[in-house]
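Please keep the sequence and the model in view while reading.

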Amino acid sequence: MAPQTISVSLPKLAKVIDHSLLHPTMTDAQVRSGLELSRKYNVATACVKPYSVPLAREVLAGSQVGICAVVGFPHGNSVAAVKITETQDALAAGATEIDMVVNIGKVLSGEWEYVEHEIQAINRVTVAKGAILKVIFENDFLEDTHIIKLCEICTRQEVAFVKTSTGYGFVKQPDGMYTYKGATIPHLKLMRQHSGPNVQIKAAGGVRTLDDFLYVMSLGVTRVGASATEAIMNEAAARGLTDEDKEFEVKEKESTTSGSY
C-alpha cells in the first residue's frame with residue numbers, strides 16, 4: 001500500500017493552530033508575548049483565559065488571528081447561568097470563538113437533558129454574536145459511550161467543533177500520581193465517526209510535533225490546540241514547507257504523546 005500523503009503549506013498549517021495561552025501561572029507579559037507570536041505566525045486563534053480577551057483584542061487588532069476565550073475552564077463545574085454570563089462577557093470583550101467545557105459530572109451521571117440544554121444555551125448566545133462554539137469533552141474522564149453521546153448532542157445542536165481535552169484533565173492513578181493522555185488517536189477517530197459532517201474536530205493535549213499535526217489532520221482534525229507553535233512552525237520550515245502546497249507523507253501513529261498543550 002502506498003504511503004498516505006497530505007497537501008499542506010505553512011499558511012495552511014498555521015490556520016490549524018489555536019495557540020494556547022492558558023497555563024494558570026502565565027503573567028500578563030507572557031500572555032502578550034504569546035499573542036505577538038500568534039500574530040507573527042498568523043495562526044487561526046490565540047486561545048486565552050477570559051480576563052485576557054481585552055489584551056488579545058489590543059495585540060491582535062488588524063490581524064487575521066481570531067480570539068478564542070475559554071469558558072468553564074478547566075473543569076466545567078460552574079452552573080449554566082455562570083457559563084452563559086462568562087460567554088457573553090467574553091464575546092462583548094472581543095472573543096470570536098468560545099471553547100466551553102461540559103459539566104463532566106453531569107455527563108458521567110447520564111444527565112443528558114441538563115448537558116444538552118447547557119450546550120444549546122451557550123451555542124445560541126455564541127452564534128447570535130457571529131462567533132463559533134467548541135465544546136470540550138475532557139475525554140480522559142469519559143468512556144466511549146459518553147463521547148459518542150456528546151458527539152450526537154453537539155451534532156443535533158449544530159455546534160461548530162467538538163474538542164478532546166483542556167490539557168488539564170489530570171486523572172489520579174493507582175500510585176497517587178496524576179497524569180492524562182489528551183488527544184488520543186482512538187478518540188479522534190471515534191469523534192469523527194460519530195459527529196455530523198458539519199461538526200469539526202479539535203485535538204488538544206499532546207500534539208507537539210509536525211508529524212503529530214500531519215497525522216491528526218489526516219484523520220479529519222481541522223484545529224489543534226498547541227503551546228509548541230513556534231517549534232512546530234520552525235520544524236515545518238526546516239523540512240521544506242513553504243507558502244505553496246506540498247505533499248507530505250503521513251507517519252501513522254498508535255497515539256499522540258501525552259503532555260499539556
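The model is predicted, so local features need pLDDT of at least 70 and side-chain atom pairs count only at pLDDT 80 or more, while totals for chains, interfaces and linings use all residues. Residues are numbered from 1 along each chain as its sequence is written, and side-chain values use heavy atoms, with hydrogens and water left out. Helices (H or I, at least four residues) and strands (E, at least two residues) are DSSP runs numbered from the N terminus.

**The barrel**

- In the order β2-β3-β4-β5-β6-β7-β10-β11, 8 strands close into a barrel with parallel pairing; two strands pair if DSSP finds at least two bridges between them.
- On average, neighbouring strands of this sheet are turned by 25° against each other, direction ignored.
- Strands of a sheet pair through backbone hydrogen bonds, and the pairing may be parallel or antiparallel.

**Strand β3 and its partners**

- Strand β2 (residues 17–21) pairs with β3 in the parallel sense over 4 bridges.
- Across this pairing, H19 stands opposite A46 in β3, and L21 stands opposite V48 in β3.
- The pairing of β3 with strand β4 (residues 66–71) is also parallel, over 4 bridges, and T45 stands opposite G66 in β4.
- The chain runs from β3 through helix α3 (residues 53–60) to β4 in a right-handed β-α-β crossover; right-handed means that, with the strands pointing away from the viewer, the path from the first strand over the helix to the second runs clockwise.
- A right-handed β-α-β unit is likewise formed by β2, helix α2 (residues 28–41) and β3.
- In a regular strand the side chains alternate between the two faces of the sheet.
- Within β3 (residues 45–48), T45 and C47 point one way and A46 and V48 the other way, and all are buried; buried means under 20% relative accessible area, exposed over 50%, and partly exposed in between (1.4 Å probe, protein chains only).

**Helices α6 and α7**

- Two packed helices are described by the angle between their axes and the distance between the axes.
- The axes of α6 (residues 112–128) and α7 (residues 144–156) come within 10 Å and cross at roughly 40°; axes are lines fitted to C-alpha atoms, for helices over the stretch in contact, and angles run from 0 to 180 degrees between N-to-C directions.
- The two helices α6 and α7 are therefore oblique to each other, given that angles under 35 degrees count as roughly parallel, over 145 as roughly antiparallel, 65 to 115 as roughly perpendicular and the rest as oblique.
- W112, V115, E116 and I119 in α6 meet residues of α7, including H146, L150 and I153; contact means heavy atoms within 4.5 Å.
- Helix α6 also lies across β5 (97–101) and β6 (132–136), and runs at about 155° to β6.

**Single residues**

- H117 is found in helix α6, and this residue counts as partly exposed because its relative accessibility is 44%.
- H117 and K49 are 68 residues apart along the chain, and their C-alpha atoms are separated by 24 Å.
- T229 is found in helix α10 (residues 229–238) and counts as buried because its relative accessibility is 0%.
- Not counting residues up to four places away in sequence, T229 touches I17, H19, L37 and V43.
- Y51 lies in the loop between β3 and α3 and, leaving aside neighbours within four places in sequence, is in contact with M26 and D28.
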